[in-house]
Amino acid sequence: MKNEYLPHEARIESIQKESFDTNTYRVVFVDKKIRDVFHYHQGQFAEISLPGVGEAPISITSSPTKTGYLEFTIRTVGRLTKEIFSLKVGDLLYIRGPYGNSFPYEDLKERNIYFIAGGIGLPPLRSLINMIMENRSYFGHIKILYGAKTPNELCFKKELETWKKETNTEVLLTVDRPAEGWNDHVGVVTKLWGKTKIKPDNSIAIVCGPPIMIKFAVLELMRSGFKASEIIMTLERYMKCGIGKCGHCNIGEKFVCVDGPVFRYDEILRFPTKENVI
Amino acid sequence: MKYNTITKNNINKLLKLSVKDCEVYVPMEAEGGDVLFQLLPKSGPELESSVHKINLRDEWTVISLKDIFFPQIETMFSFNHGKITPHVESSPKLIFGVKPCDTKAMIFVDEFFKRNFEDIYYLSRAKDRLIVTIGCLSAPRPSSCFCTSAGTGPFIENGFDLQLVDAGNEYIVEIGSYQGEVFIDSYRSLFKEAGVDVLSKINNIKSNAAESVGLKVDFKKALEIMEGDTDFEENYSRIGERCIFCGACIYVCPTCTCFGIFDDKGDDQSVRMRNWDACVFEGYTREASGHNPRNEKSLLTARRYEHKLKYDYKINDVSGCVGCGRCLSSCPVGIGLSKFVDEITTNERRM
């Protein structure tokens, strides 16, 4: 029987600074055998740990088409992520996974896609966005609406510029508190409605961010005519095991770690009504 | 079903012999009078003195056998200078004197740990085990046992390797599995083939036992109601206001299996461990950001009842409640699942 809880050593190959409290780590499994069998899909996550410190679920932000390494974008929030923040290139992380379901890549083909993200909510979408950009012609128009508290806190600043240059692709950025030299929008992400056309025609919206942002983004999307089944989101939930055992992420009969983290909004509407899922 | 008998005098002999072949867990009186499943010492005066503490009468073990396979706290890994060592336990076990409701709960938990990803820690501990169930002649906790309503006792039809039926000076032994039969054959001299009148004897004992369970609730109706969309917000709010969220009901519940995972750093060696957790604790769903999706007393209460009576039933076709009554008997403020079942089926306030 496989020990699902057994983590594998992975060496940090590079660290990309995203903001004052967020880094993207590129890691490579030390054991070549693990490197060869660790196949993941867009939107899945892994359990990352440091021995003696703790373990947490983190989205895989690299595109599954890029093999040999994994990327994780991690904001320092708790005990483990603070410790990870102090690591250097060459240090080890301990990783198990991949876990959870994934974004329905095939179903998105031929469709227009709206990505709506807030703060650290863009990293879970990056895997899918880059996969789509690699096969750009299969998809309709793409709009990425991304908001953060301050310009510094926007992740993937370089990539946002690259995505902007893709054909038929629009990237709209907004911040709550602008800094000097900020020429983009100001306000919460829903302020971007009105700055660009957001129409449900043959479209899918994919949302990720803090619960309050998701709530208002969904509200605006529904107001714009999107059906609940045309809104996809990836949920954040306190998790321990990642494999449907520890119980923490259980909502109704679903486990966010196994049945999610990606859910359509119509599925979420069938969750126990009183829970503040988003 | 095949039947044997064993005299009560022979039980201690049987246990003293089997302790040579495997770990033997049996209900024993602990200091303070609680009865708990404890490991029988292998030999010597410790074994002799332990044998006298064995209690197979209609007494509750405070906790079911769940902590034999799913300990309150266990080490999953140790980390030592870059070396990761998993701590997986798999010794053969005899669990002797398990109540029928707890046997049913164990099967429920087995299925849970097998589903989707297999949990190696639980399944290894439980892999090589023999379960000797003992039926109840009367409710061990008359004010909280409701097994006849939940359909899990005071005797069960399957799920055990052996089931003991107390017939006065002897136990009639029902053989429920091949392993159970092999076990009896290994200690053949202590057992006898049952006489021809065994069935009528058993049926008589079982029906008297069932009649003695006084607390009855309409469990089946409750499961049907919970399948629907009825909103029990008033119940959840009221019970939530009364609850002190101590988690006692969760810890003693034979089907509750939530756990936390945490690390402990040492100078030389660090460990990753898991311990029981409880969905009624405020921090159970709190995220690192501080956001807590289940942040109200009524939501915590709803989760507990809906998990047991709605979602478990939806997934497994059996409820996550086996009617053992421990939640009620352990609750400092008089909340219990049987009372909730009674409330929603009679529309009368019970808590």
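A residue is called buried if 20 or more other C-beta atoms, placed from the backbone, lie within 10 Å of its own, exposed if 12 or fewer do, and partly exposed in between. The model is predicted, so local features need pLDDT of at least 70 and side-chain atom pairs count only at pLDDT 80 or more, while totals for chains, interfaces and linings use all residues. Residues are numbered from 1 along each chain as its sequence is written, and chains are lettered from A in the order in which they are written.

**Exercise 1. Describe the overall build of chain A, and decide whether its radius of gyration agrees or disagrees with that of a compact globule.**

Step 1. Helices (H or I, at least four residues) and strands (E, at least two) are DSSP runs numbered from the N terminus, and chain A has seven helices and 15 strands.

Step 2. The radius of gyration is taken over C-alpha atoms, and the globule rule is 2.2 Å times the number of residues to the power 0.38. For 278 residues a compact globule would have a value near 19 Å, and the 18 Å of chain A agrees with this.

Step 3. The C-alpha atoms of chain A fill a box of roughly 50 × 45 × 35 Å along the principal axes, and buried residues make up 48% of the 278 residues.

**Exercise 2. Work out which strands of chain A stand at the edges of the seven-stranded open sheet.**

Step 1. The strand order in chain A is β10-β9-β8-β7-β11-β12-β15, with mixed pairing; two strands pair if DSSP finds at least two bridges between them.

Step 2. Because β10 and β15 (262–264) of chain A each have a single partner strand, they stand at the edges, and one side of each is left without a neighbour in the sheet.

Step 3. For β10(A), the pairing with strand β9 (residues 169–175) of chain A is parallel and runs over two bridges, and A:V175 stands opposite A:V186 in β10(A).

**Exercise 3. Characterise the side of chain B that touches chain A.**

Step 1. In the predicted model, which scores ipTM 0.94 and pTM 0.95, 36 residues of chain B are in contact with 31 residues of chain A.

Step 2. The elements β4 (73–80), β5 (83–86), α5 (120–127), β11 (259–264) and α12 (297–316) of chain B each supply at least two residues of this side.

Step 3. Ala, Val, Leu, Ile, Met, Phe, Trp, Tyr, Cys and Pro count as nonpolar, Asp, Glu, Lys and Arg as charged, and the others, Gly among them, as polar; by these classes, the side of chain B that touches chain A has 19 nonpolar, seven polar and ten charged residues.

Technical notes:
Contact = placed C-beta atoms within 7 Å.
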